Amino acid sequence: MIQISNKGKVILAGAGPGDPDLISLKALKYLKIADVVLTDRLVSPVLVDEYARKDAEVIYVGKQCSKGIHTPQKDINELMLEFALMGKLVLRLKGGDVSLFSNVLDELNVLIENGIAYEIVPGVSAAFGAAAYTGIPLTAREHSRGVRFLTLYDLKNVTENQWKDWASTEDTLVFYMSGQRLNTLTEQLLNNGIEKQKGIAIVQQATTPDQKTTVFKFEELETKQLPEFEYVPTLLIIGNVVNLHQKFSWFTEKTRTESYFDNHKILFQNAI
């Protein structure tokens, strides 16, 4: 008779937006004891380098479709199951926060269907990291009383009414995974009457040594050219709060031509 080992456990944890110091103590605790680490592209490689167990199995399962780097979600799900069914403690380490614009739903469904124990550990999302490191509060009295987290990944499903709502709201708008849609976004908002004193911040590689922030008022877009989109993590912040950037910016940005993520020595060395 075949003896089946006890099932392990999967920890779904956010590692923060790039600065390795922004990981939570709880996620760091699991990183230090996990048997297997399945880590995303945007997780700081320093974390895995310095804190993962030396005998832990580290597998890079990142996605950057614009550069042809892609690990299918199906493969990630299978890896979680494979190691958990062997009785391992598996850390599924994600950039930013676990529950915001990630594939956590697919992973949770797989774990539930197979009776695998799991835990969810929140992380600092890219929006909060970018806001803090650019001195742009997402809400502020007399500037914005609300914030919306959005994406233009599926641009064709954005309705005319949605564009009008986005253009007229006083909420701060934060767009994830939308850098390639920057020109379309600004054109549509201008066409739908956005207040031209509102600002837009294009934040690339937030909280890393390569952070690059470009800020415009919408009125300036009639005479100035938007920055060329680079295939790096890009977050867009839109609203009156953006105009606070110049006053409260504290993080010194350096001019760099190479990407922190693309050039770190261990990135994708074990990629599937």
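The side chains of K198 and E170 meet in a salt bridge, with N and O 3.9 Å apart (a salt bridge being a side-chain nitrogen of Lys or Arg within 4 Å of a carboxyl oxygen of Asp or Glu). K198 sits in the loop between α7 and β10 and E170 in the loop between α6 and β9, so the pair ties together parts that are 28 residues apart in sequence. Helices (H or I, at least four residues) and strands (E, at least two) are DSSP runs, numbered from the N terminus. K198 is buried at 3% relative accessible area, whereas E170, at 38%, is partly exposed. Here buried means under 20% relative accessible area, exposed over 50%, and partly exposed in between (1.4 Å probe, protein chains only).

This is a predicted model, in which local features need pLDDT of at least 70, side-chain atom pairs count only at pLDDT 80 or more, and totals for chains, interfaces and linings use all residues. Residues are numbered from 1 along each chain as its sequence is written, and side-chain values use heavy atoms, with hydrogens and water left out.

## A buried charged network

A search of the whole structure finds 12 salt bridges. D40, R92, K94 and E107 are linked in a network of them. E107 meets R92 at 3.1 Å, N to O; E107 belongs to helix α4 (residues 104-113) and R92 to strand β6 (residues 89-94), 15 residues apart. E107 also forms a salt bridge with K94, where the closest N and O atoms are 3.2 Å apart.

How buried are these partners? E107 has a relative accessible area of 0%, while R92 and K94 each come out at 2%.

## Helix α7 and its cover

In helix α7 (residues 182-191), the buried residues are L182, L185, T186 and L189. They cover an arc of only 90 degrees around the axis, which puts them on the same side of α7; the arc is that of the directions from the helix axis to the C-beta atoms. An α-helix has 3.6 residues a turn, so residues three or four places apart point the same way.

The cover over these buried residues includes α6 (160-168), β9 (172-176), β10 (199-204) and β12 (234-239), with contact meaning heavy atoms within 4.5 Å. After α7 comes G193, whose phi is positive, near 85 degrees.

## The sheet

An open sheet of 5 strands runs in the order β8-β9-β12-β10-β11, with mixed pairing (two strands pair if DSSP finds at least two bridges between them). β8 (147-151) and β11 (212-217) stand at the edges, each with a single partner strand, so one side of each is left without a neighbour in the sheet. β10 and β11 pair in the antiparallel sense over 6 bridges.
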